[in-house]
Amino acid sequence: MSPSPNTPARDRLRIAIQKSGRLADPARALLTSCGLSWRESRDRLFCYGESLPVDLLLVRDDDIPGLIAEGVCDLGIVGRNVLLEQGYDRAAGGSALAFREWRALGFGGCRLALAVPDGWDWQGPEQLAGKRIATSYPASLTRWLAEQGIDAKVVLLSGSVEIAPRLGQADAICDLVSSGATLAANQLKPVTTLMESEAVLAGPAEALDATRGELAEMLLRRLDGALRIRHSKLLLFQAPRRVLPDLLPLLPDAETPTVMRLDDGDDLALQALCHGAVTWQRLEELKRAGARGLMVLPVEGMLA
Ligand code: ATP
Ligand code: ZN
């Protein structure tokens with residue numbers, strides 16, 4: 001669905017994020033790391049962008065796909081589980097898909113899993129035939145059951161899904177799991193994963209207009225830089241030229257290092273951007289291979 005013709009044209013980009021909850025703080029931190037800042041309105045539902053014409057709308061996560069579909073927001077940060085669930089629901093209702101995942105953001109990881117009582121001897125999905133399965137993700141579960149060719153009853157619950165089997169409301173559940181502790185506390189065990197999820201940047205299925213499209217492109221470039229360096233370090237060290245063949249393979253997922261000659265001799269100064277973990281153990285291995293003066297620096301920003 002494209003924005004209604006009555007919607008006035010906007011020349012500012014609007015991003016919806018969760019007002020409070022698991023994704024609220026990391027979403028805001030990620031956008032801040034892209035150089036965005038806001039003047040907050042008193043009721044904190046709308047934050048006016050100061051450094052760039054990019055405003056924030058603070059909402060319930062479940063509202064984000066719909067806001068994008070209606071053109072009220074241009075982008076949103078939401079769990080893939082919510083985006084897919086609402087996408088499957090719209091598809092089942094015959095609507096064209098109005099939003100899609102633009103980037104995976106690497107936080108808010110969890111999975112949508114099917115869990116059964118501890119006592120079940122799980123043999124496979126066939127065991128679910130004729131059973132009642134409680135979930136807050138009916139469209140995802142219905143789709144999965146259809147793929148498996150299983151006829152089971154989907155019991156829709158908006159919360160506390162994990163106690164449904166103990167209350168006799170359902171035989172099994174389909175819910176989000178991260179550590180599995182909640183399931184264990186309710187004498188349930190996860191038996192199969194329907195969907196791997198994490199926070200994603202969602203946007204419209206179709207391109208934005210020119211002004212907001214350019215803003216979104218710039219944000220994506222910054223976001224890609226921020227995601228790329230999130231765990232990266234700059235490693236500085238010196239070493240004799242002859243040990244380089246031993247040293248370079250030890251650099252954790254490094255880009256080609258910058259190499260500078262220190263004097264007329266054999267000594268080199270190197271700087272390497274490492275995307276892998278620079279652990280103490282790895283530093284000691286580098287030292288044993290001939291590196292000196294090793295220094296690990298944080299990376300604040302990068303634009304490829
Ligand atoms: P809202 O008030 O915005 O509707 P909510 O209760 O639906 O909030 P949260 O519990 O904050 O949402 O979860 C937001 C998202 O965090 C989930 O949709 C999911 O993508 C992710 N998440 C990560 N781990 C978990 C988990 N263990 N349980 C639930 N959600 C998780
Ligand atoms: Zn929610």
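Guide: What follows is a short chat about the ligand site and the domains.

Guide: This is a predicted model, where local features need pLDDT of at least 70, side-chain atom pairs count only at pLDDT 80 or more, and totals for chains, interfaces and linings use all residues. Residues are numbered from 1 along each chain as its sequence is written, chains are lettered from A and ligands numbered from 1 in the order in which they are written, and side-chain values use heavy atoms, leaving out hydrogens and water.

Visitor: Thanks! How many residues surround ligand 1?
Guide: There are 16 (a heavy atom within 4 Å), and the closest are R22, R60, D62, N81 and S178.

Visitor: What is 2.6 Å from a nitrogen atom of ligand 1?
Guide: A polar side-chain atom of S178. For N81, an N or O atom of the side chain is 2.6 Å from an oxygen atom of ligand 1.

Visitor: And by class, what is in the shell around ligand 1?
Guide: Four nonpolar residues (Ala, Val, Leu, Ile, Met, Phe, Trp, Tyr, Cys, Pro), four charged (Asp, Glu, Lys, Arg) and eight polar (the others, Gly among them).

Visitor: Switching to domains, why does ligand 1 lie between domain 1 and domain 2?
Guide: Because domain 1 (13-108 + 199-228) and domain 2 (110-197), with bounds from an automatic or database assignment, both give residues to its shell.

Visitor: How many residues of domain 1 are in contact with domain 2?
Guide: Nine, and they meet ten residues of domain 2 (heavy atoms within 4.5 Å). The centres of these two domains, taken over C-alpha atoms, are separated by 29 Å.

Note on methods:
Polar contact = N/O pair within 3.5 Å; in protein donor to acceptor, adjacent residues only side chain to side chain.
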